Amino acid sequence: MADGVTEILNRTDRDIAHAAALLAAGGLVAFGTETVYGLGADATNAKAVAAIFEAKGRPHFNPLICHYENEDAVFAHVEASAVARRLADTFWPGPLTLVLPRRITCPVALLAGAGLETLAVRVPAHPVAQRLIAALGRPIAAPSANRSGGVSPTSVTHVMAGLGGRIAAVIESGPCRVGVESTVLDLSGPAPFLLRPGGVSLESLEAAIGPVGRGVIPGQAEQARTLRSPGLLVSHYAPTLPLRMNATAVADDEALLAFGPPLAEAGLVFQLSADGNLNEAAARLFEGLHWLDAQASADGLRKIAAMAVPAHGLGLAINDRLSRAAAPRA
Ligand code: TXA
Ligand code: MG
């Protein structure tokens with residue numbers, strides 16, 4: 001598909017049916033979810049799943065999230081526990097991904113789970129995602145619809161900039177309400193463990209199921225944690241320009257990613273949230289990184305300075321993405 005034409009589809013029944021037919025034939029279709037746009041393939045078709053890695057230029061060991069129509073469909077493929085059921089009842093459809101043991105009969109391609117005995121599953125809340133999964137009648141494996149290491153897309157424009165010509169189609173799905181990826185929670189070990197902060201806050205998870213482990217797994221090195229969830233590679237959400245966090249001043253060659261009142265010296269500014277609302281900031285984060293990246297380069301600026309964002313609620317996910325963007329490049 002490297003020099004093919006990518007169709008831009010709409011939310012009509014006819015276009016959704018066409019998109020499902022493309023998926024059924026092994027094609028790749030990008031579609032909106034409430035978090036970010038996903039790059040979808042029929043999860044039961046290993047060749048189609050392999051095409052995802054190729055289109056993204058992504059390391060093959062990164063396991064993908066499988067998107068399901070509803071809770072029953074999920075638990076037909078992975079093992080349910082009482083905690084998993086409670087979380088599913090509370091947060092699905094929505095931006096929570098659970099890592100659970102595959103059932104022996106699970107028809108999802110092993111490649112989708114990067115060969116692991118576990119599978120990452122979620123039920124998305126976006127109507128386009130739901131209609132597409134229902135039309136296909138099978139789960140859809142979908143990472144974020146960007147080239148590997150790039151910023152996650154929250155619009156068709158972002159998707160086309162990274163993957164245009166490399167995928168069969170993209171569905172114009174309207175805005176991504178949440179704007180950061182789903183929270184990934186590992187339920188396959190002895191206790192629930194947060195692998196990636198995201199659209200569902202740690203506080204609300206703990207309100208539903210009690211304490212959730214996070215940080216470095218006791219007795220294991222950071223390296224072991226990233227192997228366990230390889231998508232958590234440092235330097236993962238990288239704009240082209242270097243980014244630094246917790247800026248309290250802006251240099252002449254810097255653009256500003258602002259949270260709350262912008263720093264006085266700033267010229268080019270992207271405002272995450274004027275009144276310091278973390279949910280609004282999360283929803284605008286990737287938009288801001290894409291925009292600043294393009295605009296700052298055009299204006300001859302060389303860096304992005306990001307103001308501090310408080311580390312609670314969705315601020316945890318925002319800081320996680322910013323620290324990856326700020327990490328030294330490999
Ligand atoms: O919001 C989202 O989650 C978006 C939309 C499209 O649903 N998808 C997304 O997928 O962000 P992706 O592939 O970019 O991130 C999947 C994350 C990675 O950090 C990966 O390592 C982790 O989930 N993951 C997937 N399967 C896993 C498994 N079996 N065990 C541990 N981590 C897993
Ligand atoms: Mg991603």
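Visitor: Over residues 230-237, where does pLDDT stay, and how many contacts beyond four places in sequence does the model have for them?
Guide: This is a predicted model. Over residues 230-237 pLDDT stays under 50. The model has 32 contacts beyond four places in sequence for this stretch. For residues 218-227, pLDDT also stays under 50, with eight such contacts.

Visitor: What is the mean pLDDT of the chain?
Guide: The mean is 89. Of the chain's residues, 90% reach 70 or more.

Visitor: Why are helices α9 and α10 called roughly parallel to each other?
Guide: Helix α9 covers residues 278-298, and helix α10 covers residues 315-326. They pack at an angle of about 30°. Angles under 35 degrees count as roughly parallel. Therefore α9 and α10 are roughly parallel to each other. Their axes are 9 Å apart, and their crossing is left-handed.

Visitor: Which residues of α9 meet α10?
Guide: Leu 278, Ala 281, Ala 282, Leu 285 and Phe 286 do. In α10 they meet Gly 315, Ile 318, Arg 321 and Leu 322. By class, this contact has seven nonpolar, one polar and one charged residues. Gly counts as polar and Arg as charged.

Visitor: What makes β12 and β14 a pair?
Guide: Pairing takes at least two bridges. Strand β12, residues 254-258, has four with β14, in the parallel sense. In β14, Ala 305 is the bridge partner of Leu 256.

Visitor: How do you know that β11 and β14 pair?
Guide: The cut-off is at least two bridges. Strand β11 (residues 243-244) and strand β14 (residues 303-306) have two, in the parallel sense. Leu 243 stands opposite Ile 304 in β14.

How values were computed. Residues are numbered from 1 along each chain as its sequence is written. Chains are lettered from A and ligands numbered from 1 in the order in which they are written. This is a predicted model: local features need pLDDT of at least 70, side-chain atom pairs count only at pLDDT 80 or more; totals for chains, interfaces and linings use all residues. Side-chain values use heavy atoms; hydrogens and water are left out. Axes are lines fitted to C-alpha atoms, for helices over the stretch in contact, and angles run from 0 to 180 degrees between N-to-C directions. Angles under 35 degrees count as roughly parallel, over 145 as roughly antiparallel, 65 to 115 as roughly perpendicular and the rest as oblique. A crossing is left-handed if the near helix is turned anticlockwise from the far one by less than a right angle, and right-handed if clockwise. Contact means heavy atoms within 4.5 Å. pLDDT is the predictor's confidence in each residue, from 0 to 100.
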